[in-house]
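Please look at the structure shown below, and keep it in view while reading the report that follows.

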Amino acid sequence: MEITPQDGPIVIDPAGRDIHGEAARMRARGPAAKVELPGGVEAWAVNDSSLLKLLLTDSRVSKDPRRHWPTWINGEISPESPLFVWLVVNNMLTSYGEDHRRLRRLISSAFTTRRTAAMRPRIEKIVTELLDGFEAAEPGLPVDLREEYAYPLPIAVICELFGIDDEAAQDEMRRCVSAFFNTDAEPGEATAAYSRMQELLGALIAEKRKNPGDDLSSALIAARDDDSRLSEEELIGTLLLFIGAGHETTVNLLDNAIYALLTRPDQLALVRAGRVGWDDVVEETLRAESPIANLPLRFAVEDITLDDGVTLRKGDAILACYAAASRDPRVHGDDADRFDVTRADKEHIAFGYGVHHCLGAPLARLEATIALPALFDRYPDLTLAAEPGELRPLASFISNGHRSLPVHLTAG
């Protein structure tokens with residue numbers, strides 16, 4: 001089946017103003033729909049849950065633009081493009097085949113379940129300190145929970161895991177990561193942030209080589225220096241991936257969960273009554289509001305003909321639409337768009353799938369299941385300090401959250 005001219009590709013809004021509306025329009029075109037990304041880049045947006053799972057584990061689909069995307073190979077993606085930083089980096093996000101398996105094995109050996117579980121007391125302490133800090137807030141004035149709670153927790157946790165003690169460096173890294181996700185920024189802004197991030201990570205690596213510690217940065221550097229299984233470029237790219245993805249996704253998870261409960265008091269009442277647990281809140285938030293809406297890019301290594309007759313041609317770009325797939329009506333029924341903590345099947349692909357499942361997923365879940373009940377227990381009268389329609393989404397078709405989340409901590 002060919003896309004006819006009158007259909008045309010769906011033009012993805014770089015400002016992310018209607019992520020779920022775009023997802024619905026994609027589904028109306030079929031499990032894989034032609035879309036146009038910023039800069040006129042065309043891709044197949046895979047929005048069907050079953051198909052996305054198949055392609056995420058299909059050896060005929062690559063994540064490496066250097067080997068499998070003619071558009072990149074021919075130099076057609078300018079450094080001015082917001083897609084550039086998502087393609088130029090060298091890590092698990094842009095590796096294929098044995099390279100991907102090598103990097104994942106190496107990182108899995110450092111980012112262990114034991115290390116994640118050991119962070120619980122530290123996460124609890126950070127959460128308590130953040131909540132204590134709200135006690136000094138001026139009564140009656142709203143507090144931005146995204147800025148003051150959802151951000152500081154995962155930043156503190158990921159920086160502690162990677163041994164980043166310098167607060168100025170932490171702040172700069174956060175600003176750089178925000179620029180990567182802002183797909184509506186000025187041309188070249190993300191690339192400038194990428195260059196600065198490389199400098200920051202280079203300084204971190206130099207310091208850790210001189211003074212290694214019990215942290216993930218030191219563990220990855222040791223693996224690089226001991227047997228060269230990790231190139232210097234891959235080392236920097238891997239640190240960037242974990243520091244970036246290690247906090248942005250959790251920020252959005254907390255943001256979206258708080259918003260969902262404050263705008264659906266019936267759902268919050270079920271949690272407070274003990275009829276559902278906080279794990280249910282976390283999983284339904286991940287399903288209904290995937291922290292990463294769309295992840296660029298993958299590439300067809302050879303022609304792939306889908307069940308509906310659509311053919312992904314060799315070299316075609318593929319956009320993994322996690323938000324759309326996690327709301328797939330074929331999985332979740334006609335009410336797939338509704339946030340429902342009592343939903344029996346909360347299956348989602350918010351953290352990827354198979355060999356591409358996010359290694360940091362247990363940490364994100366741990367942070368959320370500590371931070372959310374602590375917040376609502378400390379402030380039972382918590383209310384949104386704006387009308388739901390007044391909150392602005394992030395300027396991104398990749399990251400799914402709000403620019404701010406203003407609340408009143410206490411009643412009246």
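Is Asp-99 buried, partly exposed or exposed? Asp-99 is partly exposed, because its relative accessible area is 33%, where buried means under 20%, exposed means over 50% and partly exposed lies in between, computed with a 1.4 Å probe on protein chains only.

The model is a predicted one, in which local features need a pLDDT of at least 70 and side-chain atom pairs count only at pLDDT 80 or more, while totals for chains, interfaces and linings use all residues. Residues are numbered from 1 along each chain as its sequence is written, and side-chain values use heavy atoms, with hydrogens and water left out.

**Salt bridges**

A salt bridge is counted when a side-chain nitrogen of Lys or Arg is within 4 Å of a carboxyl oxygen of Asp or Glu, and the structure holds 34 salt bridges. Three of these pairs are listed here with the distance between N and O atoms.

| Pair | N to O distance |
|---|---|
| Arg-102 and Asp-99 | 3.4 Å |
| Arg-102 and Glu-234 | 2.6 Å |
| Arg-343 and Asp-335 | 3.2 Å |

Arg-102 and Asp-99 both belong to helix α6 (residues 98-110), where they are three residues apart, or about one turn of the helix; helices are DSSP runs of H or I with at least four residues, numbered from the N terminus. An α-helix has 3.6 residues a turn, so residues three or four places apart point the same way.

The salt bridge between Glu-234 and Arg-102 has its partners in two helices, Glu-234 in α14 (residues 232-263) and Arg-102 in α6, so the pair ties together parts that are 132 residues apart in sequence. Glu-234 is buried, because its relative accessible area is 8%.

Arg-343, the partner of Asp-335, is buried at 8% relative accessibility, whereas Asp-335 is partly exposed at 29%. Both residues belong to a network of salt bridges that also links Glu-284, Arg-287, Arg-338 and Asp-340.

**Loop and helix**

Asp-166 is found in the loop between α10 (152-161) and α11 (167-181), and with a relative accessibility of 47% Asp-166 counts as partly exposed.

The buried residues of α19 include Ala-361, Leu-363, Glu-367, Pro-373 and Phe-376.
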